Amino acid sequence: MVNIKKQLVSQEVINKRSYGKGNKIKSITPHQTGNTNPGADAQAHANIQSNLNPRQASWHYSVDDEVIIQSFEDDIMCWAAGDGRGPGNTESIHIEMCVNSDGDYEKTLNNGAALVKLLMDKHGLDISSVNQHHDWSGKNCPAQLRAGYKGISWQDFLNKVEGVQEQENFGSGSTSTNTKPSTTSPKNTNSIVDYLNSKGVDSSYSNRAKLAKEYGIKDYKGTAPQNIKLLELIKKGKPTSTKAKKEYVTLPASAKTWRTYKLNVAPVTKNSDWSLTPAAFGGLTYEILDKPQANVVTIKTSRGKRNIYVGADTSAKIIMK
């Protein structure tokens, strides 16, 4: 359990280091401090803000391996995105995760993930609303996650967020960073993550993306409507096959030869410079790559792409499989 405590800055600091109230809260932006010095923990960063940061910068929460400290209320427009009065500063909640050398790096990420999940639930956001500082102004932040430091990438962090299990006291003074899936009975819930966890199924973003593809949901981004749709489909049962069928042409064994044509000539007898020999192979079957004109298809042969005539007056057959 990780404590979340408030150390809110004064109104003077709000006036001098933010745009004040009015944050529309359309996203959440986790940062990494970049300060690896021993002692550069959440308390140290919260103190910097309380004492009027000498830099023209501010953020809502500081996170380390032991504690989460809130410096600004969520509705304050902090200066953390580097985009002036753009959406990064005016529509996002900012979290600074510490990288001090005397802290536990992965525990800090776990605590940061738990906080992101709490804020997502609190403000009705989904995983697609979690942004990098880099998204707002191009800064290389969160640098360690972007570089895959200690084998943990940005996508791994998002997976941690989605693996957070809600507890009764989550957000009421403490958070839980347990990411092991539960095997309890499924809840009557609209949360795809909760449902999959209750079934003992991997609920990470990457696995849900695979499931979405299997169930025919295109361009899965983890949005709320997509998650609700995916949950409905999973509860209904096995997905229908989404494998697209391909079209093939079959040349029968009764045909001793079959004229082919280069792609840049008309498919008429005088332009044929080479023939296939279906009879020699007991018949031939080719995938149809194109249909440049009526009764003509493009196939790939040993001499490259060629056109062949397959009109109704021939013995060719078009099949799907």
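**Close-up 1. The side chain of Ser272 and the backbone oxygen of Trp274.** In this predicted model, the side chain of Ser272 reaches the backbone oxygen of Trp274 at 3.5 Å, a polar contact being a pair of N or O atoms within 3.5 Å, where within protein one must be able to donate a hydrogen and the other to accept it, and where residues adjacent in sequence count only if both atoms are side-chain atoms. Ser272 sits in the loop between strand 10 (258–260) and strand 11 (274–276); helices (H or I, at least four residues) and strands (E, at least two) are DSSP runs, numbered from the N terminus. Apart from its neighbours within four places in sequence, Ser272 is in contact with Arg259, Thr260 and Tyr261, where contact means heavy atoms within 4.5 Å.

**Close-up 2. Asp102 and its partners Asn100 and Gly39.** Asp102 belongs to the loop between strand 7 (92–97) and helix 4 (105–123). Its side chain reaches the backbone nitrogen of Gly39 at 3.0 Å, and a polar contact of 2.8 Å links the side chains of Asp102 and Asn100. When residues up to four places away in sequence are not counted, Asp102 touches Asn37, Pro38 and Gly39; the C-alpha atoms of Asp102 and Asn37 are 7.9 Å apart, although 65 residues separate them along the chain.

**Notes on the views.** Residues are numbered from 1 along each chain as its sequence is written, and side-chain values use heavy atoms, with hydrogens and water left out. Because the model is predicted, local features need pLDDT of at least 70 and side-chain atom pairs count only at pLDDT 80 or more, while totals for chains, interfaces and linings use all residues.
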